[in-house]
Amino acid sequence: MATGLRPAQRVERQRISQQQQGVIHVGNSLTRSLNNGQNSLRSKDNTKPLLSPPPRRSVTPNSRSYSRDFDDDNDPGRVRVAVRIRPRNAEDLSEADFADCVELHPELKRLKLRKNNWNSESYKFDEVFTETASQKRVYEVVAKPVVESVLSGYNGTVMAYGQTGTGKTFTLGRLGKDDASERGIMVRAVEDILANISLASDTVEASYLQLYMESIQDLLAPEKMNIPINEDPRTGEVSLPGAVTVKVRDLDHFLELLQIGEANRHAANTKLNTESSRSHAILMVYIRRSVPEIVEDDVNSQDMKIKSNFPLVRKSKLLIVDLAGSERLDKSGSEGILLEEAKFINLSLTSLGKCINALAENSPHIPTRDSKLTRLLRDSFGGTARTSLIITIGPSSRHQAETTSTIMFGQRAMKIVNMVKLKEEFDYESLCRKLETQVDHLTAEIDREQKLRKKEKYDLEKQLQECHDSFNETRKNLVTKSEFLEKENTRLELDLKEILAELNCQKDQNSLLQDKIADLEMSLKQNKQHQLENSTYQKVLADTTQMYEEKIAELIKQLEVERAQSGSVQEQLDAMKKLSDDHQKVIQQHEMENSKYQKALADTAQMYEKKLMELSKKLEDEHTRSEGAQEQLDLANMLLTDYQNSMQGQEENSELRLKLEEMYRLHESTANELQSLKVELKDQIQEKEAICEKLNDVQEKLSAEEKRRKTVEHELVNLKKSTPECDKDFEDKKLYMKENIRGNSVFGTSASFNKSGTLRASQSAQRATIAKICEEVGLQKIIRLLNSEDSDVQIHAVKVIANLAAEDVNQETIVEEGGLDALLTMLRSSQNATILRVASGAIANLAMNEMNQGLIVSKGGAQLLAKTASETDDPQTLRMVAGALANLCGNEKLHAMLKEDGGIKALLGMVRSGNSDVIAQVARGLANFAKCESRAVVQEHRKGCSLLMEDRALEWLIANCNIASDSTRRHVELALCHLAQNEDNANDFISSGGLRELQRISMESSREDIRDLAKKMLKSNTVFQSEMRSGWH
């Protein structure tokens, strides 16, 4: 037995030793493959034309010897430069002696720098941002391409350069706590990075540093100062081993880090900036991403090829540099420690400028070691990183020298071409962990198999012994089994007979089942007949439903008729209230004659007024009226007639009480009918929900119309390409267009008649250009473009419509083609300041026509203009809105609707801007309103106090009687004179001091016609005459 097991043991030992040798061989082959893969990856990198910098320097003449024009946008290595202009601040606006020295052409990506009134130079950049450019657009144009490259494995740099106080920190480091739209490039870049990686397999780490007085300090750990700079002698990469590196968990965590860093950053108050940065801030974001790649490795072992899956990792770095602003000591007023800080800032910026000049001129020597700033930015300019630079400037010519220096810095930087290089290497750590795991697994597998073999050997020996024992027992059992089988045979024969008997029983049961199946077939036929009957019932139900729907439609019509009747009933109730007041006056006149019945009559009149008030309130709440209310009104009229004739006896008063009680009962019956009408209204609301489903079909039609509109937009884009000079001419003549809209189109004043011959010629040329565009494209297509999704297309289209609307011959066509509806839609939905301003001006032009005025107000134009005025603080937009409302105030028929829509309140609210042009339009609107109102009072078309009294317009007019502007003062004086023409306004004039102002106008006004009008109002108004006489006495 022992000799029989020895061959099996030898085979098992040989197999285990072969497995151990295979594990060792696989480990050696993986090591060799790793080395070969590294060498092949290095050779692969060396074959790329953009990846050949020398080992000790990343900045070489070869990396800067590209003689390409910087207009080539296809070169990914060229430094991209954008320019952003800061909006005018209070200091710029207060300096009238200094005009703007910069003129932007964003559509041409050009900037024009004025040296003097007759000489200027034009510079081209990769992007030009105006003062209205949003933070989102700046990020998407300047930083987002760099962030995408960093996510792909390349190094990237975003840097801001410019004079102090021009908005570098706002552009890069704005946190946007209260408004997310104001977030700077730092927050938006990290937000994009976190959104495009997997935190499970990738990592994002950040360091935040500042270079203060040539000392590198950690903003996240302020105690770490004067951090050294290390350079890798093999690759030339720069590192800061002493800086704190924090792993970013999410965006909120990153915002907390930025807040800590900003709190530790050095800032001071200078003459140029209240929060001037006194150090260069550098945000370093390190990204590590896993990239699986299959690498084939040939191993000459048993003529087999082993394919191993080697993990790759991409390590990239993003630098966001907020440079401290360059400044001149005579302008910033720096002293003491601020003076020392300014020296170090200017020194580092000068070193950076020298490097930029050397790189732009392909100098053989780059002075990167002159400053720590240039050492940190060594990879950004002339290195392997993709770099975007945004330069910030101010509009004032007081800083023309600093602006020129900044622009030239950007021009030189655009000539630099970097050698963009992919940072990719093997993930040695994960590979080692994987190999260790495999070795441990194989070792455990070998141990398990050895134990299994030993156990199997023991089990086999034991089974062999058991087989010998069982063989002897089996012989004994065979004899006993044969005897048992004979007995079992006899038993099976008996069982067979029993099974035959059971089969006979089953046949009988099958016959019974057949009978049941026949019954089920009969019941199935009956069910089919029931289904036919149900279908007829459903048809009857559908007819009944249709009949009920027709009844509901009739009830809706009846409800509309009742609503119309309720309106007339309301007017009659008002008339009855007035009659009731007159009747009370009659009661007072006959009080001496009817003292006996005075108390009873007073109680009856009070009860009658109470009932009328309750009935009026229910009519306003429910907006419905039943036929019972009309009967109640007739009874009330009869009661009033009887009541006027019942002053002579007590018996008639008792009859009046009985009739009033009967009227109360009728009122209760009317309330019950109103409750039933409420139920009907609920049913109608359910029907409205069904109608909403039909709107889906209309939406599909609108989508088809949207496709046709996009084709029209495409045609306009082609037209813009063919006639680019039109838009340029429009932008160059902004001042002329501003005066033209103010003088002729919007406000209808006579200022445009003082224009010179040159401006008139320019106006005719511009109108000819617009007419040409209208003829080639078509007015209908231009109006369709007002609904475009592209804001630039909308701006161009609305400018053309605004200029066309300035002429009376075009206004009717614009309204018929739907131009007015499109302009109102833009006011309702657009958030673009330019669109709101030009659309308001176009509506103001259309409002010069009386027919268009009614359409504008009926379509909710007054409400939209009031909403626009409340949501904007732009003086030009407010001036356009005020001009439109002022034109609408010249129509007396629209005064009540303007009052209800909030137009008058919005007009008075716009004086908050303090702009003289806006205030002039407000005064003109009030003068138009008062003039039309006084004309209606003279013609006896209107009675009562002026609608302007409720909005406290009189107080504003009195307070601004002595305003500096002659035209504004003239409108204010006219408004006061016209308001004084209405005698119902006399008491308000006297109480608010308006009478004194009217007397002053009659003597001191600069216009003779206004003085005569004021004198006429003082003489014709009896209340004024009596007040002046009492004042004289």
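**Backbone and helix packing**

Author: Happy to! Met-213 sits in the loop between β7 (203–212) and β8 (215–218). Keep in mind that this is a predicted model.

Reader: Thanks! Is Met-213 buried, partly exposed or exposed?

Author: Buried would need a value under 20% relative accessible area, and exposed one over 50%. Met-213 has 26% relative accessibility, so it counts as partly exposed.

Reader: What is the phi of Met-213?

Author: Good one to check. Most residues other than glycine have a negative phi. Met-213 is not a glycine, yet its phi is positive, at about 55°.

Reader: Which loop holds Asn-362, and how exposed is Asn-362?

Author: Asn-362 lies in the loop between α8 and α9 (372–376). Asn-362 is not a glycine either, and has a positive phi of about 60°. Its relative accessibility is 35%, so Asn-362 counts as partly exposed.

Reader: How are helices α8 and α10 oriented to each other?

Author: Two packed helices are described by the angle between their axes and the distance between the axes. Here the axes of α8 (residues 337–360) and α10 (residues 400–413) come within 9 Å and cross at roughly 40°. That angle makes α8 oblique to α10. As for the hand of the crossing, it is left-handed.

Reader: Which residues of α10 meet α8?

Author: From α8, the contact involves Leu-352, Gly-353, Ile-356, Asn-357 and Ala-360. By class, the contact of α8 with α10 has five nonpolar, two polar and one charged residues. On the α10 side, the residues are Phe-409, Arg-412 and Ala-413.

Methods
Residues are numbered from 1 along each chain as its sequence is written. This is a predicted model: local features need pLDDT of at least 70, side-chain atom pairs count only at pLDDT 80 or more; totals for chains, interfaces and linings use all residues. Side-chain values use heavy atoms; hydrogens and water are left out. Axes are lines fitted to C-alpha atoms, for helices over the stretch in contact, and angles run from 0 to 180 degrees between N-to-C directions. Helices (H or I, at least four residues) and strands (E, at least two) are DSSP runs, numbered from the N terminus. Angles under 35 degrees count as roughly parallel, over 145 as roughly antiparallel, 65 to 115 as roughly perpendicular and the rest as oblique. A crossing is left-handed if the near helix is turned anticlockwise from the far one by less than a right angle, and right-handed if clockwise. Contact means heavy atoms within 4.5 Å. Ala, Val, Leu, Ile, Met, Phe, Trp, Tyr, Cys and Pro count as nonpolar, Asp, Glu, Lys and Arg as charged, and the others, Gly among them, as polar. Buried means under 20% relative accessible area, exposed over 50%, partly exposed in between (1.4 Å probe, protein chains only).
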